[in-house]
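Colleague: I am new to this structure and would like to learn how to read a few of its features. Could we take them one at a time?

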Amino acid sequence: MIDPVIASRLQFALTTIVHIIFPVMSMGLAPFLVYFTWKDIRSGDAIYEQLRRFWTKIFAISFVVGTVTGIVLEFEFGTNFAAFSTAAGELFGGPLAVEGMMAFMLEATFLGVFVFGRDRVGDKLYMISAVAVGLGTWLSAVWILIANSWMQTPRGYELVTEGGQTVVHLVDPIAAYANPRFAYMFVHMQNAAVESVALFMAGVAAYYVFRHHVWGYHIQNVSFWEATLKIALVALLITAPLQVLHGDMYGRHVAETQPQKFAAMEAVWDTESYVPEYIVAVPTSLEDVTDPRAKDLFGIGIPGGASWLASGGDPSAEIRGLNSFDTEAPPVAIVFWAFRAMVGLGFWFILLAFWGGYRWYTGELFEDGLLHKALMASTLGGILATELGWIVTEVGRQPWVIQGIMKTSDGVSPGLTGTEAAITLGGFALVYGTILVLYTYVVARIIRGGPPGSDDLRSTGEDVPETPDPGVAVDD
Amino acid sequence: MTDVAGLADGPLFGLPLPELWFVLMFAILGTFLFLDGFDFGAGAIFAVLDDDHEREAVLSAIGPFWDGNEVWLVVFGGALFASFPAVYADLFSRHYLLMFAILGALIIRGLAPEMYEQRHDEQWHRWWGRSFVAGSVLAPFFLGAFTGNWLVGSERTVTLVAVVVGLTVVSLTVVSGSAFLGLKADAYLPDVLDQYGVRAVVGYLAGVVATLALLAVELPDGVDALLSVPVVALVVVSIGLAVAYGLAMRRGAYLGALAASGGLTYGLVAVVAIVMYPLVDPASGATVSETIVSTLPLNLMSIGAAILLPLVVTYFVVLYTAFRGPVEPEEAY
């Protein structure tokens, strides 16, 4: 029977990898929805009502799916990682409880008003509910990342032995919860969410703009998709360069505080100076893929680049190799390749942003078919890059569940049997797989349905040019 | 810095914080059981409705509320984790499969209303309707089973107490669900809500009697614990509330009936808490004072809860005020 430790780790990986998609969508959409709602209320312009209503539908389904997949995570610490929860609950439980009360409650209650209440409440309360929902999604990230950053760089605690068990005691809450790592994670994560949603919006909008302007099909509500593309492009122009800038700062912080993770990200085994940064790493054998070692890889490297990144400007800086640590290395291949793919995508998004911005400037934004195709191909790229980033963060810190204090394998529930773990792992593979398929199906359906037609709008706006066209109607 | 304003020295204002958190934890569980309980009950009643308009009315009734209601379970998990971390860990890992059964039921219940409205063909509605009903009935059943096992300190998952308490909780959700649907969607539903409600409340009382009888046998000092003044008083009050509920339902005074069902729910949770105290994890014999988190985090959590819980109550007041009164015909989900 399967080892309960492996099954628990796989299950946690599976449930978080699926779950994170939905908070990325809701956190990323939140600032857009606040903007659309404000513009809708202030200008009464029909296009903003369409934008608000259409993207709220996608927000609502993301939020619901995020709720049902996320509750699981809060219980999994107890069910599968009881030893961890007992040892670290004093520091770790608090942020989760506060997340529930401060953030989740705010979003879940005002979501009801925001999604169902447009005709029931006045403009002011409606606007407040949009802000409350958005604020709630972001506050959620604050508390979850406070908890996570403590696991990465634990501070403000002491270890005490109670009844034969080593337990973490909170001694300095400010050190523990105002963790420097938190700031890096929060900025990088929230920017990633907005960037991911900007790419999603741009990709979907590009599809309709392409069909209309390049292929010449009649597309209902084409002005809606044009507006979506422009708004998404503005967001992408802001977020894409920022993501790489503070990603670089975050990387340096990791090199200082989690040198083992950094060594895995760069696949450096022996402690060295002048370590090159492989911008392009080409595996020449299967072994290069499964067991990358920076020294043996065929690639294009910037001499001293990794040293430069790690130290913040010194190409001769020493990087501690994985062999110099007492504990086993994390799965280097996963961390190394995930990091490269994430960084590569990050630069690609900057290119896309500038390309789109340039075409807008030259007045050819709606005519450049190649740009549209590139945007379409990148629709899910931001979400993928976010997943890869979390894989670097979480796989890279192995074997530790709390860096330097507790190993993940020691955190698993002692009484858990392989059979129990196998049943739930199999169940989750099935259920979360199904949820992903259903979510994709519903979002695709909402997109194909398009924004509400002009006859269905509250606004009296004149600038919805198209008349309803049954040609692109939803296939019920 | 080792101390923040003396917060590590002793409990805030000398309050009995361990006991207050024990009470708060059950109060949060009770709030979940009442609020999401009427959503679950609405889901059970959904099963007996054939007409699509009736079914849509049920979904519209719970539409704006259920997600917020369900978050009380998240807060319960968080509060247990923060105040009694070892109990959270032991209890949840001991009842491993039961916990995932609860979560699985919540998943199929939560997805269903959102999915149901996506398409309008019969097949799709039939399957998501089933998912909604199954999730709405199984979630309170498993939650009741978990609470029963917790109270008697069972190491096993499938026990007689688990089944009896599970069924008792399911009937309780139908009690509050009937009142809630009466309040929100009386005009769209067949005239059967009072029948269901009254039957459910009779079933609930029978469940309570069966539970108490089982507890008298299973608990080491069962009879004494059950004959304590507060437990007897709560049972008497519950019988009174059940009668009041039945009368209110017959007269169509649904708000009063809903309030009575709320009283029944909190009463049930209070009995569980009173019988359990001073233990917090009967299976391991751990008491409240042994397992409470240490003073500094306890004080911090208490300050946090004292600020945040009144805010949370405000959010719910705003939500329920915005959607007061029956659902309006055009309010499709």
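This is a predicted model: local features need pLDDT of at least 70, side-chain atom pairs count only at pLDDT 80 or more; totals for chains, interfaces and linings use all residues.

Colleague: How should I read the packing of helix α4 of chain A with helix α4 of chain B?

Modeller: In general, two packed helices are described by the angle between their axes and the distance between the axes. Here the axes of α4(A), residues 82-116, and α4(B), residues 85-94, come within 8 Å and cross at roughly 145°, and the crossing is right-handed.

Colleague: Which residues of α4(A) and α4(B) meet, and of what class are they?

Modeller: On the α4(A) side the residues include Ala82(A), Ser85(A) and Gly89(A), while those on the α4(B) side include Pro85(B), Tyr88(B) and Asp90(B). By class, this contact of α4(A) with α4(B) has five nonpolar, five polar and two charged residues.

Colleague: How do strands β1 and β2 of chain A run, and how many bridges join them?

Modeller: Strand β1(A), residues 157-162, and strand β2(A), residues 165-170, run antiparallel and are joined by six bridges, with Thr161(A) having Thr166(A) as its bridge partner in β2(A). Two residues lie between the strands of this hairpin, where Gly163(A) takes a positive phi near 55°.

Colleague: Why is Ile231(A) described as partly exposed?

Modeller: Ile231(A), which is found in helix α8 of chain A, residues 222-257, is partly exposed because 19 other C-beta atoms lie within 10 Å, whereas a residue counts as buried at 20 or more. As for distance, Ile231(A) and Ala422(A) are 191 residues apart in sequence and 46 Å apart in space, C-alpha to C-alpha.

Conventions:
Residues are numbered from 1 along each chain as its sequence is written. Chains are lettered from A and ligands numbered from 1 in the order in which they are written. Helices (H or I, at least four residues) and strands (E, at least two) are DSSP runs, numbered from the N terminus. A residue is buried if 20 or more other C-beta atoms lie within 10 Å of its own, exposed if 12 or fewer, and partly exposed in between; C-beta atoms are placed from the backbone. Axes are lines fitted to C-alpha atoms, for helices over the stretch in contact, and angles run from 0 to 180 degrees between N-to-C directions. A crossing is left-handed if the near helix is turned anticlockwise from the far one by less than a right angle, and right-handed if clockwise. Two residues are in contact if their C-beta atoms, placed from the backbone, lie within 7 Å. Ala, Val, Leu, Ile, Met, Phe, Trp, Tyr, Cys and Pro count as nonpolar, Asp, Glu, Lys and Arg as charged, and the others, Gly among them, as polar. Two strands pair if DSSP finds at least two bridges between them.
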